[in-house]
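Hello,

Please find the structure below, handed over for your own work. Notes on what was found in it follow.

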Amino acid sequence: MKLFKKTDKIDETRSTIVEELRRKILQSGMPSQVRDIALAELDLLSKMNPAAAEYTITLTYIEYLTTLPWNKKTADNLDLERAERILNERHYGLYGVKNRILEHLAVKILSSNRNPRILIVDDEEIARKNLEHILRKENYDVVSAKNGAEAFKLLDEQEFEIVLTDIKMEGLDGFAILDKVKAKYPNTKVIMITAYAAVDNAVEAIKKGAFHYIAKPFKIEEIKLSIKQASEDRVSTISTKGSILCFAGPPGTGKTSLGKSIADALGRKFARISLGGIKDEAEIRGHRRTYAGAKPGRIIEEIRRTGVANPVLMLDEIDKICQDFKGDPASALLEALDPEQNHAFIDHYLDVPFDLSGVMFIVTANIPDNIQPALLDRMEVIEFSGYTEEEKKNIALKHLIPKQTTEQGLTEFPPEFTDEAILKIIQEYTREAGIRNLERMIATICRKLATEVVKGSKPKTPVKITPEMVEKYLGPRRYYFEVADAKNRVGVVTGLVWTETGGDIIFVEAAKMKGKRELILTGSLGNIMRESAQAALSYIKSNASVFGISEEIFENQDIHIHVPQGAIPKDGPSAGATIAMALISLFTNRPAKRDVAITGELTLSGRILPVGGIKEKILAAKRAGVKTVIVPHRNKVDIDNLPEDFKKGLKIIFMEKIEDVVDIVLI
Ligand code: ADP
């Protein structure tokens, strides 16, 4: 009796759980084909022993499915003026970037204002007329066909945005129509309708690219919802197609915060996934359920967390993936991002398609060249460059200081930073393309001020922050104008590099000593940089007389080239000209001017090829106190495109051959 009672009890709890889940499934708004699968799983669950491990796995899975925001979307706020206002209020400068974003939104607004054209194909007259009537009442532009052949004729003549077709028809059936539409108009959404109880058909239809699948007898609401989703999907597909935004630039230049503002401007939820730390494909696309401890991927997880199917999803550091990885995370990402396929994104854990086409993806990268070509191909890269001192000062005054004043509780007596104090922080306490450290330093000052106020050593009145106070709060200066403060030397030449954190200056050092004509290279140089050093040496040796160098100087000598900060790996071809100049300085015994920086790729035949990152390099040169910059002639267009205040105070010289600039660099 006891045993019977116990099993009865288990059965009872299990059936309550099952019923509860059934209710959740039906209320979750999942598409019908997913609902069928969830119900099938539920059926399995109801027959399982609750003590079995599988029971828990299946239970968790079904629960997970019911908590996803299948058809929950926030309505977009498509007010362009409001968007513009938000972007301008929160972000200083960045005009080009903001314009591109507003254009992007404008396209979205335009395409959402048009009613889609719908083709209805059904051989049952009553059903066809009914559908026509319902959809016309909803203001859609409707055309109908009474069989496959007629539909084919119409499709030959014109494009429809949505096709609603019965599957079972005499002659050409719904699948034939689906094939034709997909071949001719890949963006058209096809919704299939058929008699009940044909799950196989549904799966096949979705596999072949149908947008939705609706079983007869259908509810009018179901049809309306499906059409609405298809037309919304059409809108986002049109406007995001081929233009997933990619924000590229050094850290701290406002990429993330601008992404957040776009979400706010549109009235969408915002989420962020950092791809930088991701080690394998499963983190993006999930683990299969058979795997112990299986989890969905981060994309689905984040979407669930936001609770809507159309957030702005920011994928950070896309240029940091796919180096030494398990699986192929890039292709998983491609599936998620590509508007052609992301309406049926399959996460391994979910194992059913989830429609990502409503998501607005924005990816970020430090250096776009490092993004996989297949991904880069689908993106519209918007470049964020570092800020000039003037811009940094303005951002500090208008945004960073007010923000930190509030955050550190100083709203009632806000500190007043003088221009000189801000410049001092920028020049002596930070060395960066963006403004992360600047913000940190301002926060430190505000925090220390707050402490003093609380301790009573400062009155509760607005305090003026002068350069002296900056030094008092932040300690001795951390950076010097490396170039202006250094001595001119033989064999040491200033160069410019482009790194993930923006531009920077380097010093290439060359020395010679008795030896066996070896070339020694140190300073964590990568292969490309080592090879450019070899090419530079060969070029100088083979043209020694041009530079006034006697051939004997190479006899019985070792040559050593070093680039300090030895612990930081360096690579790339753009130091070729710098290395060559260091060698010329060494062999001619003429010191090089520290405040002249040179960048360019040098070929073995002495040609100078253009280099990347000119904007960042120019900013870095100014930060370091360089007075003259020598760049390849073929970079002239990049220089011409720079705003004037980037170039202010710098002399820029274009070189075609290294010979032309020897007298500019060497004393
Ligand atoms: P990133 O994502 O490029 O690393 P963030 O968006 O995190 O940069 O920006 C770092 C900080 O600098 C944030 O507090 C941000 O608000 C601020 N910031 C950056 N650029 C601007 C700008 N143009 N105007 C106002 N604030 C900015």
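**Domains 3 and 5**

The C-alpha centres of domain 3 and domain 5 lie 39 Å apart. Their contact (heavy atoms within 4.5 Å) takes seven residues from domain 3 and six residues from domain 5. Domain bounds come from an automatic or database domain assignment, which puts domain 3 at 244-383 and domain 5 at 486-665.

This is a predicted model, in which local features need pLDDT of at least 70 and side-chain atom pairs count only at pLDDT 80 or more, while totals for chains, interfaces and linings use all residues. Residues are numbered from 1 along each chain as its sequence is written, and side-chain values use heavy atoms, with hydrogens and water left out.

About 520 Å² is buried between domain 3 and domain 5, with 68% of that from carbon and sulfur atoms; buried area is the accessible area (1.4 Å probe) that two parts lose on being put together, summed over both. The rule finds one salt bridge across this interface, a salt bridge being a side-chain nitrogen of Lys or Arg within 4 Å of a carboxyl oxygen of Asp or Glu. Glu500 and Lys320 form a salt bridge at 4.0 Å, N to O.

**Salt bridges within helices**

The whole structure has 40 salt bridges. Helices here are DSSP runs (H or I, at least four residues), numbered from the N terminus.

- In helix α11 (residues 255-266), Lys260 and Asp264 are four residues apart, about one turn of the helix. Their closest N and O atoms are 3.2 Å apart in a salt bridge. Lys260 is partly exposed at 35% relative accessible area, and Asp264 is partly exposed at 22%; the class covers values between buried (under 20%) and exposed (over 50%), with a 1.4 Å probe and protein chains only.
- Helix α23 (residues 636-640) holds Lys636 and Asp640, also four residues apart. Their salt bridge is 3.3 Å, N to O. Asp640 is partly exposed at 45%, as is Lys636 at 34%.
- Glu644 and Lys647 are three residues apart in helix α24 (residues 644-647), so about one helical turn separates them. They form a salt bridge with closest N and O atoms 3.6 Å apart. Glu644 is exposed, at 61%, whereas Lys647 is buried, at 14%.

Regards

Note on methods:
Helix = DSSP H or I, 4+ residues; strand = E, 2+ residues; numbered from the N terminus.
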